[in-house]
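Let's take a walk through a protein model together.

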Amino acid sequence: MAQSCAQGAQAQTAVPMSDLLLEWMSFRCKGRLNELSAELMAGPPRRMLDDLSMLGHIEMPSASSWQIAAPVLAGLPRDESQVDAAILCGARTPALTGRVASACGTVGAQLNITPVPNRPSRICITAPSLSLLADVAQFACIPFQRNAAYTLLACLPGIRNWPRQPCTMVGGRVETVRRFSASKRQWIESSLGEANAASRGFFRIKRDYDWVSILKSSLSDCAYIEDRAGRLYMASKLRLASWDGAAGSFSLPIELYPPMLIARALALCTGLLPQFDRPARRISFRGVGGSMQRLALAITGLRLA
Amino acid sequence: MRWLGSLLIFASAVALAALAGLRARRAQRAPVRRQKETETRPSDWPASPHEDASAESGKGEPQNTAQEAPSVPQNRRTDTVEVSPAAPNAASSTANKGFTAEPERGADDQGNAGNATTELDIPADAEPSDALQTAPPASAETGNPIADDAFGDATEGECGTAKTDPQLALLEASARDPQQTGEADAQMDAAPADQQADATERAADGNADSSAAEEREAERGEVEPADTYEAMTVGPALAHNNARSRRPTTYRDRRGMRRTPPRPAASVQNTSPLTDIPPAAASLRLALHAIRRTVSLSLVLSRPEGFPEQITLLLDGRADVGAYDESRYDDIDVAWTSNLLVGELRLNSADGFRWIRSARRVHIFTADPSEPGLVSVSAVHAGADHTLICRVEDVAAVRAIAQQGGSPELVPYDHWQGIPEGWSVLSGYKPAQATGPIADASFRPLDPGADTDIMLGGGLAIRPRIFAEGHPPCIEIRPLPENATVTIGGQPALQNAGGAWEAPGWDAPGQHTVDVVPGPSLSYEIAADPGNGEGWPFWNAHEELPGGRSSWSRAGICGAMLQGAAGEIVLACEAQSTMIALGASRGAVPLERRSDANVSVALVVEPPAFVVATSGPRRRQGRVIWLGEASDQAASAADDHSDLAWADAVYRAAVRRLPLVGADRAGEAAWRRAVLRARKLRRRCR
């Protein structure tokens with residue numbers, strides 16, 4: 001009996017654990033970080049959630065909670081030399097994937113499932129025309145998002161207008177104050193006095209019980225802002241981005257990892273997570289075409305090196 | 001907490017006044033009522049020595065149709081013992097609702113909740129007699145009088161509360177006749193399997209079946225003397241606004257008994273006058289504060305499917321309680337008074353939802369990995385640590401049973417605050433083996449049984465004992481008792497090649513119960529694939545983004561999908577001076593250009609087929625971009641006037657002979673059709 005159940009468990013392990021995790025989350029629909037099934041985790045929970053969010057499978061209403069995103073066929077950027085393609089993002093269950101496979105067969109599109117180590121498989125549908133992709137989505141009863149990556153990036157605010165919450169500069173006793181140096185691309189020690197006196201800067205301040213990230217856009221304007229957005233804000237107009245048109249690779253320094261939504265838009269160019277070049281300390285998003293990289297530079301405020 | 005204490009005191013006073021009035025009335029009506037009692041006695045009442053001798057001959061009157069086992073001898077005594085068989089129809093419907101294992105989730109793997117019952121809702125100011133005037137009395141339908149009688153011992157009178165009526169004392173004395181009890185047990189063992197099965201089936205299982213049946217009995221029964229309820233009343237805070245049913249439900253250990261297969265819902269007639277949803281289970285949470293040396297109890301109301309997120313409980317006023325998660329509500333602190341744990345606990349909400357916890361002699365608590373503190377369970381499990389709450393006079397019996405089960409010495413919580421007089425808390429009950437036969441049925445939940453364990457392995461567990469469709473659990477039973485039968489959902493189960501147990505429909509969506517007879521039972525659920533149902537709706541997950549009047553700022557984002565507030569399609573293109581999105585046959589929406597990026601965005605209702613992009617008046621300064629999606633929706637004549645803007649845009653692009661970019665044959669054909677239609681519309685409208 002133990003062997004039979006072990007065989008059953010092995011059959012499940014034949015299905016990648018990350019796919020099972022996504023299926024588990026699709027059934028649960030929403031939950032908290034500490035509710036994730038430990039058996040299905042292929043890495044630290046927070047890292048898993050970040051990656052799933054970047055791939056468009058989940059949303060994170062807060063740092064410790066998640067909610068599965070609605071399934072959608074996300075169209076990939078169409079290049080003249082490539083066929084029309086789309087990837088399946090969001091919730092994923094056997095019933096849904098079965099409908100998609102059946103729709104592909106009906107319409108004559110091709111379904112490709114590519115395993116990704118420690119992450120959900122990439123399900124890609126290719127078809128001779130965009131209208132056939134739309135037909136696949138219609139038959140599978142899921143929406144079709146045309147050119148998802150470009151459309152998402154086009155609807156995001158620029159870094160200079162990134163959401164922030166006005167606040168006053170921290171006062172009183174603090175443990176640590178750090179300032180982000182855009183030129184050095186690292187945090188350097190600072191002080192509360194320097195933070196107060198600065199007319200512009202991005203500071204991380206450790207109070208008694210937490211850390212806060214405060215962006216000073218002028219002498220009197222302070223605001224809480226997302227850490228990644230604050231660093232990009234300070235690196236605005238610096239020539240730190242690079243783009244390889246032939247390979248379609250758009251790379252940024254690791255210290256300037258973009259906020260989640262911008263990273264998701266860049267990742268949706270291929271449906272794959274960015275690659276990390278450890279020696280160069282840069283992250284690269286693949287499948288980024290000319291129009292996409294121009295828009296990315298406009299949104300992030302960076303310039304090409 | 002002070003206000004809660006004050007409310008409890010007030011409720012106690014009101015309850016006592018009501019009881020006094022009832023006693024006075026009863027004294028007047030006693031001769032008449034006693035005659036009626038012979039017909040309508042609750043199943044858990046012992047037989048009266050004043051009964052008609054014909055009662056001994058087994059002249060039972062099955063009240064409900066079907067399912068009765070006429071072959072089983074029935075006597076008056078046994079007719080009235082069993083409550084739950086009174087309404088097998090009701091039982092079936094509630095079984096279908098799937099309340100099998102809900103009441104003690106996580107801690108109770110027996111699946112015999114026996115807690116969820118239907119309930120008679122009595123207004124707070126109503127006398128008990130006012131509410132209980134319903135259908136003809138229901139006497140026993142059960143076929144096995146022996147089992148009923150044995151179970152009947154575990155009811156009122158034995159819960160340690162005083163009875164003031166001397167006649168009732170006589171009734172109890174006869175009920176506790178050990179000879180009768182022993183005969184009952186012997187006959188139960190000797191009864192043919194069919195009769196036993198019928199009897200136990202009619203006795204219903206731990207599902208809400210029993211509760212529904214019990215409620216029907218209560219609804220149909222006549223008013224009982226007030227003082228007969230003294231032993232079974234709930235705590236003052238809960239009793240005041242909740243039903244004083246004629247037959248309070250009592251937990252019965254039905255482990256190892258054959259379960260009645262669920263009936264089709266069409267044959268059910270157990271709908272409560274309040275709601276079609278059967279009552280859910282209420283359990284208790286025990287908190288032991290080691291430093292303060294205090295003991296406290298709280299109610300944990302389960303939240304089955306169909307129950308709302310917010311409820312307003314009728315508890316001496318109204319108490320708003322929110323859902324803690326999808327399976328239960330927030331805890332409700334209760335003052336542990338002497339009477340709180342004596343009888344059943346019933347709660348109603350303002351909108352008709354109900355909860356019940358049946359009466360029991362010993363309250364068993366154990367740790368649950370998904371819950372804080374100790375939660376109540378219906379029966380003990382071998383090898384697990386349990387904490388018990390019982391009457392002081394039952395401590396000796398409990399200790400004796402613990403010794404039989406190989407448990408370490410029980411640890412009392414004497415002198416801890418929060419324990420009312422007459423009650424005892426004992427921790428450290430960890431049975432290592434079956435205790436053996438326990439004469440008193442009310443103590444049988446302390447027997448872990450024959451150590452047979454039902455295990456659910458593998459599968460894709462969404463929640464404890466809830467598995468995803470397509471990934472059912474691997475059911476193992478170890479050790480399997482000799483001559484045991486295994487059923488899943490009432491269907492005979494067989495072992496597959498790997499040794500796991502399967503039965504027809506065992507992996508279909510819904511609630512399932514694994515029954516080992518004799519032995520334990522365990523419920524699990526297969527969650528239906530959401531992809532086959534309502535799916536996953538779109539919602540704007542990023543409302544923190546700055547809004548505005550421009551198109552791009554009004555788009556909602558969920559994963560990789562974008563949508564306008566009214567469901568519009570979001571279209572984005574690299575900007576030109578003028579960009580207009582055109583549908584295949586209607587709809588023309590100009591794209592708005594962003595000031596901070598070279599991109600234009602529009603929210604369109606009709607799926608766009610073309611984008612006309614121009615940067616100047618010359619032909620080479622514009623183009624028509626085929627988007628690749630041609631809508632098949634035919635335009636109606638009524639749309640003609642509203643499509644004039646579309647017709648003008650198409651016409652102008654055609655007149656300028658702008659090149660069509662990115663179009664295949666389908667795209668070219670679509671553009672030709674669009675041009676023709678545009679010309680036709682322009683002629684018609686002029």
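Two strands count as paired if DSSP finds at least two bridges between them. Keep that in mind, and remember that what you're looking at is a predicted model.

**A sheet in chain B**

Start with strand S26 (residues 578-583) and strand S30 (residues 608-614) of chain B, which pair in the antiparallel sense over six bridges. If you zoom in on that pair, you'll see Met579(B) standing opposite Ala613(B) in S30(B). In general, strands of a sheet pair through backbone hydrogen bonds, either parallel or antiparallel.

Now zoom out a bit. S26 and S30 belong to an open sheet of five strands in chain B, with the order S27-S26-S30-S31-S32 and mixed pairing. Which strands sit at the edges? They are strand S27 (588-590) and strand S32 (660-661) of chain B, and each of them pairs on one side only. There's a helix to find here too: helix H12 (residues 644-655) of chain B lies across S26, S27, S30 and strand S31 (622-626) of chain B. Helix H12 of chain B runs at about 115 degrees to S26(B).

**A sheet in chain A**

Chain A has an open sheet of five strands with mixed pairing as well, and its order is S17-S18-S16-S15-S19. The edge strands here are strand S17 (275-277) and strand S19 (303-304) of chain A, each pairing on one side only. Inside this sheet, strand S15 (residues 239-244) and strand S16 (residues 249-253) of chain A run antiparallel and are joined by three bridges. Look for Asp244(A), which stands opposite Ser249(A) in S16(A).

**Two backbone details in chain B**

Loops deserve a look as well. The peptide bond from Arg478(B) to Pro479(B) is cis, with omega near -25 degrees. You'll find Pro479(B) in the loop between strand S16 (474-478) and strand S17 (485-488) of chain B. Then there's Arg293(B): its phi is near 55 degrees, a positive value in a residue other than glycine. Arg293(B) is in the loop between strand S1 (280-289) and strand S2 (294-301) of chain B.

**Where the chains meet**

How many residues of each chain are in contact with the other? The count is 58 residues of chain A and 56 residues of chain B. Between them the two chains bury about 4,600 Å², and 62% of that is on carbon and sulfur atoms. There are also 16 residue pairs in polar contact between chain A and chain B. The side of chain A that touches chain B is made up of 37 nonpolar, 13 polar and eight charged residues.

**Salt bridges**

Over all chains, a search of the whole structure finds 29 salt bridges, and one salt bridge crosses the interface of chain A and chain B. Here are two to find in your viewer:

| Salt bridge | N to O distance |
|---|---|
| Arg294(A) and Glu574(B) | 2.8 Å |
| Asp208(A) and Arg173(A) | 3.6 Å |

What does the pair within chain A tie together? Asp208(A) lies in the loop between strand S12 (201-206) and strand S13 (211-216) of chain A, and Arg173(A) in the loop between strand S9 (164-167) and strand S10 (176-181) of chain A, so the pair links parts that are 35 residues apart in sequence.

Terms used: Residues numbered from 1 in each chain as written. Chains lettered and ligands numbered in written order. Predicted model: local features only at pLDDT ≥ 70, side-chain atom pairs only at ≥ 80, totals over all residues. Heavy atoms only, no water. Contact = heavy atoms within 4.5 Å. Buried area = accessible area lost by both parts, 1.4 Å probe. Salt bridge = Lys/Arg side-chain N within 4 Å of Asp/Glu carboxyl O. Polar contact = N/O pair within 3.5 Å; in protein donor to acceptor, adjacent residues only side chain to side chain. Nonpolar A, V, L, I, M, F, W, Y, C, P; charged D, E, K, R; others polar. Helix = DSSP H or I, 4+ residues; strand = E, 2+ residues; numbered from the N terminus. Axes fitted to C-alpha atoms, helices over the stretch in contact; angles between N-to-C directions.
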